[in-house]
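Colleague: Could you walk me through this model? I'd like to go from the whole chains down to single residues.

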Amino acid sequence: MSDAPEISRTSIVKLARGVRLHKDSARGRMVLLAPERAMAVDDIALAIVEAFDGEHTLSQIAAGFAEKFDAPVTQIANDITAFVHELSIRRMLEIVE
Amino acid sequence: MSDAIKIPRVPPPMAMLAELTHRCPLACPYCSNPTELTGADEELSTAEWISVFRQAAALGVLHVHLSGGEPAARGDLVELTRAAATLGLYTNLITSGLGLTEARVNSLADAGLEHVQLSIQGVSPESADRIGGYGGGYNRKIAVAGWVANAGMPLTINAVCHRLNMDEIEAMIELAIGLKARRIEVATVQFHGWAERNKAALLPTREQAEQATRTVAEARERYRGTLVIDYVPADYHSKYPKACMGGWGRIGMNVTPSGRVLPCHAAETIPSLSFETVRESSLAKIWYEGGAFNAYRGEDWMPELCRNCERKAVDFGGCRCQAMALAGDASATDPVCIRSPLRDDLTLEANAFSVASQADFIYRGRASKT
């Protein structure tokens with residue numbers, strides 16, 4: 001295996017096998033579960049993770065959020081890229097394309 | 001002065017280590033099982049384990065780690081996996097690989113197993129099988145890794161390190177990548193139980209420990225995005241103790257093959273503690289009210305040295321079992337800490353062990369079968 005794949009705004013991603021959202025009822029929150037890891041996700045992170053459907057590019061997801069939340073697309077795209085990078089170095093994402 | 005009554009709030013547990021059995025084909029001289037092994041006739045039944053999982057999920061446990069011994073020695077492993085996964089628990093198998101076949105790996109994946117942690121003892125059949133005390137073990141593990149990858153499950157390689165294999169860490173990391181693992185745990189032996197008996201053969205030298213830390217740091221850079229590397233350094237050569245268990249009774253619990261509920265796998269080495277079992281009490285009652293769980297929660301138990309130290313929120317005073325083993329007092333500051341009055345003696349001891357001529361090991365014993 002070589003270096004990790006590059007992720008760009010045209011990338012299409014989905015959660016890797018063994019990574020899933022879970023309703024953590026005991027603590028009243030949503031968590032992203034992965035090997036040896038439980039990451040609490042706020043509403044924004046939850047919306048992003050749910051948009052990782054393995055079909056839409058990161059740019060398309062950002063454009064959709066910009067329209068839905070009436071927010072600047074550049075800022076949203078940066079937030080998504082940063083979040084994707086964090087998940088990616090933890091091997092929590094699969095790059096579909 | 002505040003007259004508010006201090007009510008300690010105990011958070012629910014995040015993780016459970018379910019030691020399904022002590023039976024194991026391997027005989028690693030650093031096994032984390034207790035030196036008095038539980039026989040097959042005392043193990044919890046399938047129904048009892050499923051009840052434990054149901055209570056765990058209700059209590060707030062997120063991850064359940066099916067471990068042992070070798071969990072594949074349980075004939076009901078697939079059934080237990082399915083039960084845990086159905087309850088929404090993130091289900092992880094911690095295995096030597098021995099006792100798994102390709103068909104069984106596929107059945108576990110179908111049952112909802114989400115992650116496999118496979119131990120390796122070295123990077124060649126000769127060195128690995130000598131440590132494991134089981135001929136053919138290494139080659140079998142390599143086959144198991146392939147079956148796990150084919151089944152699509154994420155794989156972590158568990159590499160326990162000690163004086164005899166610490167110079168192979170780089171090769172272990174490369175092996176993990178070759179086996180398509182997403183993660184590797186490079187963990188230095190913790191000297192409890194069997195490992196304590198084998199300290200003279202297993203304790204790494206200071207130079208090895210320092211080199212291991214550099215090797216891991218470089219590999220983390222090199223394989224960023226390819227392999228996640230978790231690392232447990234040699235605490236005997238560290239300045240500060242490990243944050244054992246993330247704090248006593250704070251994050252996780254361990255259930256033994258016969259159902260005793262422990263704050264950590266070595267807790268039975270502390271003679272002043274007594275442990276309740278899931279056969280006589282509920283998991284919730286044991287977690288929140290059990291004497292052993294409350295013995296070292298918070299900071300009231302701490303010696304002044306720890307209570308006045310800013311690191312108490314970082315390492316919680318270190319490891320209670322290590323304090324017991326090295327200071328003869330489970331409430332003492334972990335002697336690894338540079339602020340402990342026992343640290344100088346420990347350094348002398350560690351250096352003496354490191355230059356000792358290589359001793360043979362005492363292999364882990366075998367749990368009785370019925």
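This is a predicted model: local features need pLDDT of at least 70, side-chain atom pairs count only at pLDDT 80 or more; totals for chains, interfaces and linings use all residues.

Colleague: Which pattern does chain A follow along the sequence?

Modeller: Chain A has three helices and six strands. Those are DSSP runs, numbered from the N terminus: helices are H or I with at least four residues, strands E with at least two. Read along the sequence, they give β-β-β-β-α-β-α-α-β.

Colleague: And what radius of gyration does chain A have?

Modeller: The radius is taken over C-alpha atoms, and the globule rule is 2.2 Å times the number of residues to the power 0.38. For 97 residues that rule gives 13 Å, and chain A comes close to it, so it is as compact as a globular protein of that length, with a radius of gyration of 14 Å.

Colleague: What share of the residues of chain A count as buried?

Modeller: Buried means under 20% relative accessible area, exposed over 50%, and partly exposed in between, with a 1.4 Å probe and protein chains only. Of the 97 residues of chain A, the buried share is 40%.

Colleague: Is Asp70(A) buried or exposed?

Modeller: Asp70(A) sits in the loop between helix H2 (58-69) and helix H3 (73-89) of chain A. Its phi is near 50°, a positive value in a residue other than glycine. With a relative accessible area of 72%, Asp70(A) is exposed.

Colleague: On to chain B. What is its radius of gyration?

Modeller: Chain B has 15 helices and nine strands. The globule rule gives 21 Å for 370 residues, and chain B is close to that, so it is as compact as a globular protein of that length; its radius of gyration is 20 Å.

Colleague: How much of the contact pattern in chain B joins residues at least 24 apart?

Modeller: Contact means heavy atoms within 4.5 Å. Taking contacts in chain B between residues at least 6 apart in sequence, the share joining residues at least 24 apart is 74%.

Colleague: How far apart are the mean positions of the positive and negative charges of chain B?

Modeller: Lys and Arg count as positive and Asp and Glu as negative, leaving out His and the chain ends. Each charge is placed at NZ of Lys, CZ of Arg, CG of Asp or CD of Glu. For the 37 positive and 42 negative charges of chain B, the mean positions are apart by 2 Å.

Colleague: Which residues of chain B does the UniProt annotation "binding site" cover?

Modeller: UniProt positions are given in the numbering used here, feature names are shortened, and annotations may be inferred rather than shown by experiment. The unreviewed entry also carries "domain: Radical SAM core" over residues 10-227 of chain B. Its "binding site" annotation covers Cys24(B), Cys28(B) and Cys31(B).

Colleague: Is Cys28(B) buried or exposed, then?

Modeller: Cys28(B) lies in the loop between strand S1 (15-19) and helix H1 (46-59) of chain B. Not counting residues up to four places away in sequence, Cys28(B) touches Gln121(B), Ile131(B), Gly132(B) and Arg364(B). At 9% relative accessibility, Cys28(B) counts as buried.

Colleague: Which residues is Cys31(B) in contact with, beyond its neighbours within four places in sequence?

Modeller: Cys31(B) is in the loop between S1 and H1 of chain B. Its relative accessible area is 14%, so Cys31(B) is buried. Leaving those neighbours aside, the contacts are Trp194(B) and Arg364(B).

Colleague: What covers the buried residues of H2(B)?

Modeller: Helix H2 of chain B runs over residues 77-86, and its buried residues include Leu77(B), Val78(B) and Leu80(B). Gly88(B), with a positive phi near 90°, follows H2(B). The cover includes H1, strand S2 (63-67), strand S3 (90-95) and helix H3 (102-111) of chain B.

Colleague: Which peptide bond of chain B is cis?

Modeller: Look at Gly69(B), in the loop between S2 and H2 of chain B. With omega near 10°, the cis bond runs from Gly68(B) to Gly69(B).

Terms used: Residues are numbered from 1 along each chain as its sequence is written. Chains are lettered from A and ligands numbered from 1 in the order in which they are written. Side-chain values use heavy atoms; hydrogens and water are left out.
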